Amino acid sequence: MKLHLKSTVALALLGLATVASAQITFYENESFLGRTFLTDKPVENFARHGFNDRASSVIVDRGRWEVCEDARYAGRCVVLRPGNYDTLKSMGMNNRISSVHPADAHANMDDDVYAPTNVSAYEYRRRPNERLQQAPVTSVRAVVGPPNERCWVERQQVAGATTRGGPNVGGAIAGALIGGILGHQVGGGVGKDIATVGGAAAGGYIGSNVGRNTTAPSTEHDVRRCEKTPSATPTYWDVTYKYRGQTHRVQMSKEPGRTILVNRNGDPRD
């Protein structure tokens, strides 16, 4: 009996510790602007706090949180991991959140229940009464975006195709007659006979090839062409720094100097 009671108390304390360690901040506008609503415990109805269907961006400092469309954790829900969510549109939860509670820290969840996080894993704004100190930056690597693609349409002339037909029988006959007549008028005697036969043969060959090769007229077409050029604009900076003997790595939206400001946990701050 005592052992069961101790186990129950231990589990309850563990649950309280999990809730206490979690923290989430909702912002009325995108990009962490406007009114805020911060909580470190379950909220079954945002209407009681004047924030129902108002959240447009979220920062999860600690823990995993399940946000739901309806009060009492009903309707469609998604799980938010630690990180910055500068907009909720991509997950279909913009101005739709009505309740929130910490997700079970020990539960195994499918990847499709999690909302996608942004590149930045921290919210860099300084908290009230937060003490900051300098941490030396050990490496900085600029990560550029995908290549830029430029496309245009140009007019191109295309030569007509040439088609080859069969022998022109009518042309061969006409050519042979004309060639024979012309040959018959050349020379006399045996020479005239030879010229007549040669003229008929030549005229027949020429006539048979008349109209065999047909070339279509050339045409013009619009042709779309594209080329890719490497991007020169960094998407973010991959930064490594030292704090209290530990190496930290963070992705930042702007290039840091030789040092960066951190709080007592080593989290970067502006």
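The following points concern a predicted model, in which local features need pLDDT of at least 70, side-chain atom pairs count only at pLDDT 80 or more, and totals for chains, interfaces and linings use all residues. Residues are numbered from 1 along each chain as its sequence is written, and side-chain values use heavy atoms, with hydrogens and water left out.

1. Aromatic pairs. The structure holds five aromatic pairs. Rings of Phe, Tyr and Trp (its six-membered ring) pair if their centres lie within 6.5 Å; planes under 30 degrees apart count as stacked, over 60 as edge-to-face and the rest as tilted. The ring centres of Tyr27 and Phe32 are 5.6 Å apart and the planes stand at 70 degrees, so this pair is edge-to-face. Tyr27 and Phe32 are both buried; buried means under 20% relative accessible area, exposed over 50%, and partly exposed in between (1.4 Å probe, protein chains only).

2. The largest nonpolar core. A nonpolar core is a set of buried Ala, Val, Leu, Ile, Met, Phe, Trp, Tyr and Cys residues joined through side-chain atoms within 4.5 Å. The largest one has 20 residues, and Phe26 and Leu80 have the most contacts inside it. Two or more residues come from each of strand 1 (23-29), strand 3 (57-62), strand 4 and strand 5 (74-80). Strands (E, at least two residues) and helices (H or I, at least four) are DSSP runs, numbered from the N terminus. Apart from this core lies another, of 11 residues, among them Trp237, Tyr243, Met252 and Ile260.

3. Surroundings of Phe26. Contact means heavy atoms within 4.5 Å. Leaving aside neighbours within four places in sequence, Phe26 is in contact with residues including Phe37, Phe46, Phe51, Val58, Val67, Ile97 and Val100. Arg35, Thr36, Thr39 and Ser57 are also among the contacts of Phe26.

4. Side chains of opposite charge can pair when their charged atoms come close. A salt bridge is a side-chain nitrogen of Lys or Arg within 4 Å of a carboxyl oxygen of Asp or Glu. By this rule the count comes to 12 salt bridges. Glu28, Arg35 and Arg54 are linked in a network of salt bridges.

5. Arg96 and Glu69. A salt bridge joins the side chains of Arg96 and Glu69 (2.9 Å, N to O). The pair links distant parts of the chain, 27 residues apart: Arg96 is in the loop between strand 6 (83-85) and strand 7 (99-102), and Glu69 is in strand 4 (residues 65-70). Arg96 counts as partly exposed because its relative accessibility is 39%, whereas Glu69 is buried, with a relative accessible area of 16%.

6. Strand 9 and strand 12. The side chains of Glu154 and Arg225 meet in a salt bridge (2.5 Å, N to O). Glu154 lies in strand 9 (residues 148-158) and Arg225 in strand 12 (residues 219-229), 71 residues apart. Glu154 is partly exposed at 32% relative accessibility, and Arg225 is partly exposed at 30%. A salt bridge also joins Arg155 and Asp222 (3.1 Å, N to O). Arg155 is in strand 9 and Asp222 in strand 12, 67 residues apart. Arg155 is exposed at 53% relative accessibility, and Asp222 is exposed at 52%.

7. Tyr73. Is Tyr73 buried or partly exposed? Tyr73 counts as partly exposed because its relative accessibility is 31%. Tyr73 is placed in the loop between strand 4 and strand 5. Not counting residues up to four places away in sequence, Tyr73 touches Pro42, Val43, Glu44, Cys68, Ser99, Val100 and His101. Tyr73 and Pro42 are 31 residues apart along the chain, and their C-alpha atoms are separated by 9.6 Å.

8. The hairpin of strand 13 and strand 14. Strand 13 (residues 234-243) and strand 14 (residues 246-252) pair in the antiparallel sense over seven bridges; two strands pair if DSSP finds at least two bridges between them. The two strands form a hairpin with two residues between them, and Arg244 in the turn has a positive phi of about 55 degrees. Lys242 stands opposite Thr247 in strand 14. Thr240 lies in strand 13 and counts as buried at 16% relative accessibility. Beyond neighbours within four places in sequence, Thr240 is in contact with Val137, Thr138, Ser139, Thr247, His248 and Arg249.
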